[in-house]
Amino acid sequence: MRATLWGTRGSLPNAGPETVRYGGNTSCVEVRGRGGTVLVLDAGTGIRRLGACINGNVKRVDLLLTHLHMDHIQGLGFFGPLYRPGMEVHIWGPPSATMNLRARLARYLSPPLFPVRIRDLPCSLTLHDVHPGEFEVGEFQIRADLVSHPGPTLGFRISENGGTLAYMPDHEPIVGGGDLPAEHEWTSGFAIAEGADVLLHDSQYSREQYPEHVGWGHSYVEQTLRFADRAGVGKLVTFHHDPAHDDAMLDRMLEDALRAFRPECTIQPGQEGAVIDT
Amino acid sequence: MTQKDLELILLRQWAAHIQTPIWIAGVEGELLFYNEPAEQLLRRRFDEAGEMPLDQLAALFNTATEDGRPVTSRDLPLGVALSERRPAQGRLRVSALDGSVRLIDVTAVPIIAAGNRHLGAIVFFNEVMP
């Protein structure tokens, strides 16, 4: 499979000369399988450019939402395939105790927040409430687990033809920091990441910043390195960069974390436009 | 490997930070976790506890009512919370694993997650001081 990073920023878009390398768009990753299936992970602002690159030969797109925080759905209304008659779009998202996915997304895709209602979209749209478990889309086998982040939030493990990509853009495996549990089944997200060829994982804070943000649902870079190492992934891609962090600071944060702990896996800074083959 | 339900993971993380003795049981009553204050009360470290199935729990701690009548596992607040899916409370006399006898108030609350998933019960202990 081939993953293309269309947005790696967290919380809020931040476009400007100081974020050119890492990019300013919020979470969106395109994953294409060998059979041509198109998965889109999250609908942050990066999804607008992705939508413009999905040509008429593609008849179906499956959008997997980890959760419904604004930075992960803000681009949804600007995703071109939603406006193409004949295009089949499936949106998969986390469960809720009170409302289904359609009702929750309609809070955004309706006036006064947005001029177009879900029911007025011309594509053929199907929404799926995803509970922890496994499902298939085209040639992909997908496993979803709830992971530690405020509100229902899914991590996805996507496998195809022997390759595995794990995606947890918003994840605080140990609230308050500290050591990961010795028992892996008691570590949030571990089963999603275990042995994956590529892990895209929350890396929002520095160790120094984390104490001010405990419980906000994000990791500090060193914690992410330790999580990736424990899970035995092949490559870690840092993701969900804080909007207040410019390119130079993101470089520095990773260098500092690697001085504190160097995992066995390779590290790739999550930069918008990067293409990762698995 | 299968991840434990996130609700249980978060409960366990939370319980590890709480001073109140807390016990977390699975849907069949099996022990999932107890915190350090509960270790002090029961006089056994969680990591050394091993299997503690519900049907052996009352006997393990010589559990009795305040006036000394034996209590079966099913009649423990934990047993009630699991079988009837409602909070239950009781004052119990228990023998800690070092043999000391303690009087404790026990409150058990079922854990019902989104989707009406029954995951077990959480039990709070409060030692009654003489």
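Two residues are in contact if their C-beta atoms, placed from the backbone, lie within 7 Å. The legends below refer to a predicted model.

**View 1. The contact between chain A and chain B.** Chain A supplies 18 residues to the contact, and chain B supplies 11 residues. On the side of chain B that touches chain A, 5 residues are nonpolar. Another 4 are polar, and 2 are charged.

**View 2. A cis peptide bond between A:P111 and A:P112.** Omega of this bond is about 5°. Most peptide bonds are trans. A:P112 sits in a loop of chain A. The loop runs between α3 (101–106) and β6 (124–129).

**View 3. A:S11, a residue with positive phi.** Its phi is about 75°, although A:S11 is not a glycine. Most residues other than glycine have a negative phi. A:S11 lies between β1 (2–7) and β2 (28–32) of chain A, in the loop. A:S11 counts as buried because it has 20 C-beta neighbours inside 10 Å, and the cut-off for buried is 20 or more.

**View 4. A:H240, a residue other than glycine with positive phi.** Phi of A:H240 is near 65°. The residue is placed in the loop of chain A between β12 (235–239) and α6 (247–260). A:H240 has 29 C-beta neighbours inside 10 Å, so A:H240 counts as buried.

Terms used. Residues are numbered from 1 along each chain as its sequence is written. Chains are lettered from A and ligands numbered from 1 in the order in which they are written. This is a predicted model: local features need pLDDT of at least 70, side-chain atom pairs count only at pLDDT 80 or more; totals for chains, interfaces and linings use all residues. Helices (H or I, at least four residues) and strands (E, at least two) are DSSP runs, numbered from the N terminus. A residue is buried if 20 or more other C-beta atoms lie within 10 Å of its own, exposed if 12 or fewer, and partly exposed in between; C-beta atoms are placed from the backbone. Ala, Val, Leu, Ile, Met, Phe, Trp, Tyr, Cys and Pro count as nonpolar, Asp, Glu, Lys and Arg as charged, and the others, Gly among them, as polar.
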